[in-house]
Amino acid sequence: MAETYQNFIGGTWVPASKGETFDSANPASMDEVLGTFPRSTAEDVDAAVQAAKGAYHEWMQTPAPERADYLLRVALLLEERIDEWSELMTREMGKTLKESRGDIQEGIDFLHYMAGEGRRMQGMTVPSELRGKFSMTVRHPIGVVGLITPWNFPIAIPTWKIAPAIVAGCTSIFKPAEDTPLLATLLVKAFEEVGLPPGVLNLVHGFGEDAGAPIVEHPDVRAISFTGSLEVGRMINERCGALMKRCSLELGSKNVMIVMPDANMDLAVEAAAWGAFATSGQRCTATSRLVVHEGAKSEFTERLLTRVGGMKVGNGLEPDVELAPVINAEQKQRVLSYIEIGKDEGAKVLIGGNELTGEGYEKGNFIEPTVFDEMTPDMRIAQEEIFGPVTGIIRTDDVDEAIRIANSVDYGLSAAIYTHDITNVFKAITQLEFGIVYVNAPTIGAEIQLPFGGMKNTGNGHREAGPQALDEFMEWKAVSVDFSGKVQKAQGID
Ligand code: UN1
């Protein structure tokens, strides 16, 4: 019998008010249940919002360095637990142990980074045009916030939202993806363990329609931070627009790697394989388009196929497995249907293209690593996010055309170029319409001290991580103090 877990509201662990539950299963072996979790509804969300509201006044007055100290202490706990949690993450989310470790490490790095922010959080002093008047800007927390996270980074992405919300002085309602509720629970328990005051961080498990939507709709929730699909992001954006809430969105992408003839081919092939197939392509930064110059095409393609052909697909707990299962049966069907769409559109499958069903694969959601050739920029498989182990090669014979192709999608998160030509490098840096650009590095593997986010439909202009992380959760307040002893009117009015 799997253990039953609860919501965390106002410092207390409680079941869903309607008593309903759902299970979390292992994508490599769907009959292994990791736990049973409360299937929450608007009533539970309201209780969590009331707890967050109740805690807000005291929390926003707690000095920022003190708020930040909880982050540091959780980081130290995670360091102790990284081995144990990596294994649980691989069992709950599927990705390889190494990648699960990387996910937790990314969370630790960011907790350290944001803990430091508690002693910065700088504003500016600004000269006044008037004598005896002093002006400055200070940051102010936005209030109660809703944090809705995906399953592909069960620790890192929640941390990207929880840590800045805490240090900013916000109180929050965290709704993790229904596919990875166990890791979310462990993370919240760590905050409880270091003594974070009740109500500052509330956990509500459940599904988007039942538990996510009421967070967005709740009149006392001032801001939403969401990472997930464009489809859901668009709905949240519309509702937040109507309700006058701040909303920060980190949505899909169609990332690209450009390979020029002067590229170091060893590095380009390895970067393409890692960028396209790590986490089974289930990263919003995954390399799903390879724009390859004619002068590099045959060598690159041949070597990529050898590399991908040697990838072992299997349970992420096995040390030599490179390609782990996709998250659930629905996602598996979605990816397989995109492979069919690609074939129908006239792209050619060079390798892979099938579900794996034989021995060792019968209980999980396994798909072969798949590389298309003869992909053209306007095909659906070149335009739409697949979020699975599928990539495709588009030919070009010119760097300007390569950049035009790279930019010819509605998304703009991560782009890479492999070249040693300084002209190509700077054309890429200046012309790619992507929030993250890599030169001679894969499209995945963003570091937390840099802003993370994308252009166009990837988001709505906000950035997570980096020095920008606080902007999601804080307002700017312009403060002026007049010590002239007069009522002074600005703009030269006497
Ligand atoms: C995501 O896929 O949503 O750049 C986040 C990377 C990671 C973060 C990915 N550091 O691959």
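In this predicted model, the ligand is surrounded by 13 residues, of which the closest are Arg-283, Cys-284, Thr-285, Gly-445 and Ala-446.

| Residue | Part of the residue | Distance to an oxygen atom of the ligand |
|---|---|---|
| Asn-152 | N or O atom in the side chain | 3.3 Å |
| Thr-285 | polar side-chain atom | 3.0 Å |
| Gly-445 | backbone N or O atom | 2.9 Å |

Turning to the helices, two packed helices are described by the angle between their axes and the distance between the axes. The axes of helix α8 (residues 265–277) and helix α9 (residues 294–309) come within 9 Å and cross at roughly 50°, which means that α8 is oblique to α9. The crossing in which α8 passes α9 is right-handed. Among the residues that make this contact are Met-265, Val-269 and Phe-277 of α8, together with Phe-300, Leu-304 and Val-308 of α9. Sorted by class, the contact of α8 with α9 has 10 nonpolar and 5 charged residues, with no polar ones.

A second pair is formed by helix α12 (residues 399–407) and helix α13 (residues 422–431), whose axes are 10 Å apart and which pack at an angle of about 25°. Because angles under 35 degrees count as roughly parallel, α12 is described as roughly parallel to α13. The crossing of α12 and α13 is right-handed. Here Val-399, Asp-400, Ile-403 and Asn-407 in α12 meet Asn-424, Lys-427, Ala-428 and Gln-431 in α13, and the residues of this contact divide into 3 nonpolar, 3 polar and 2 charged.

Methods. Residues numbered from 1 in each chain as written. Predicted model: local features only at pLDDT ≥ 70, side-chain atom pairs only at ≥ 80, totals over all residues. Heavy atoms only, no water. Axes fitted to C-alpha atoms, helices over the stretch in contact; angles between N-to-C directions. Helix = DSSP H or I, 4+ residues; strand = E, 2+ residues; numbered from the N terminus. Parallel < 35°, antiparallel > 145°, perpendicular 65-115°, else oblique. Left-handed = near helix turned anticlockwise from the far one by under 90°. Contact = heavy atoms within 4.5 Å. Nonpolar A, V, L, I, M, F, W, Y, C, P; charged D, E, K, R; others polar. Near = heavy atom within 4 Å. Polar contact = N/O pair within 3.5 Å; in protein donor to acceptor, adjacent residues only side chain to side chain.
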